[in-house]
Amino acid sequence: MLQTLKDLATWQDPLNSWLALFLIAGLAVGIASGFFKARKIQPKGFRWKTFRNEAIFAAINLAFSGILLGGMTVAFRSWGWIEYNQEPASWWVMGLEFALYFFLFDTWFYWLHRWMHKEPAYKLVHKLHHFSTSPNLLTTLSVNPLESLINGGFVPLFVAAFTVHQDTMMLIGPTNVIMGFYVHSGYEFFPRWWNRSWATKWFITATFHDQHHKYFNWNFGGYTTIWDRVCGTMRPKFEADYDKIKARTAQPVPVAPDGAAAALAANEVASS
Ligand SMILES: [Zn+2]
Ligand SMILES: [Zn+2]
């Protein structure tokens, strides 16, 4: 990873340079074509002042929790508390371990998150993460180091209870990071049918967590909607609002000769 960053910075590896150029070009085309704009969850939500404060808190959190969690990992490993199965794992074993981790972590996260919304835990620990009512990428890291410790505390407990394969842990780490950034991105990239399919509606998307920041006492789940659905804490208008956001990316309505036909076409597009 470090070598890749170095290569990118020094422009040494031609393949990485092409990849970087491709990503930058993709971003530029995306911005120019309105791809991102159409998918913004709260189009007028961004505030520079909040962004600046979050940058400061993110830096503090990274420094503190990096030292704390990093130090704890080294200590736990040397005491033999953290041990992985080094054998190569088959894909279905990895899938099972992965699912077990995310269900248990989601349960841990949901209940502790609900607890952190009550005083005095809210003021002392969780309030800092709620600076943004319209989250952006930095909101992911703008967390009280104590909260990082509470959430991160699940990992040593999990690996102490289950000796999972190292291969699985290599998958879990990046998934955590990508999900964290995605749900705070402020953009909805998932398809329109996501919350209507019985298979996918159990997994949260950016809009789900975005609404937690905007409306506060709903949508506590970090990865799944399971606990929110079971406990009745899912925002009642969440699915309707999701549909509205996705309707913005629908095909433009063809101009019809009379108003009634145009309205009918618009309805059809919105409900398709
Ligand atoms: Zn919260
Ligand atoms: Zn958040």
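Visitor: What helix is the place of aspartate 241 in?

Guide: Aspartate 241 sits in helix H12, residues 238-247. A helix here is a DSSP run of H or I with at least four residues, numbered from the N terminus. Mind that this is a predicted model, where local features need pLDDT of at least 70, side-chain atom pairs count only at pLDDT 80 or more, and totals for chains, interfaces and linings use all residues. Residues are numbered from 1 along each chain as its sequence is written, and chains are lettered from A and ligands numbered from 1 in the order in which they are written.

Visitor: Why is aspartate 241 called partly exposed?

Guide: Count the other C-beta atoms within 10 Å: aspartate 241 has 16. Buried takes 20 or more and exposed takes 12 or fewer, with partly exposed in between and C-beta atoms placed from the backbone. So with 16, aspartate 241 lands in the middle class.

Visitor: Which residues is aspartate 241 in contact with, leaving aside its neighbours within four places in sequence?

Guide: Those are Thr207 and Gln211. Contact means that the two C-beta atoms, placed from the backbone, lie within 7 Å. As for phenylalanine 208, its C-alpha is 9.8 Å from that of aspartate 241, across 33 residues of sequence.

Visitor: What makes the largest nonpolar core a core?

Guide: A nonpolar core is a set of buried Ala, Val, Leu, Ile, Met, Phe, Trp, Tyr and Cys residues joined through C-beta atoms within 7 Å. The largest one has 18 residues, and Phe105, Phe109, Leu112, Ile204 and Phe238 have the most contacts inside it. H5, helix H10 (206-215) and H12 each give two or more residues, and H5 supplies the largest share, six.

Visitor: Why are H5 and H9 called oblique?

Guide: Their angle is about 50°, with the axes 9 Å apart. Axes are lines fitted to C-alpha atoms, for helices over the stretch in contact, and angles run from 0 to 180 degrees between N-to-C directions. Under 35 degrees is roughly parallel, over 145 roughly antiparallel, 65 to 115 roughly perpendicular, and the rest oblique. So H5 and H9 are oblique to each other. Met94, Glu97, Phe98 and Tyr101 of H5 make the contact with Asp167, Thr168, Leu171 and Ile172 of H9.
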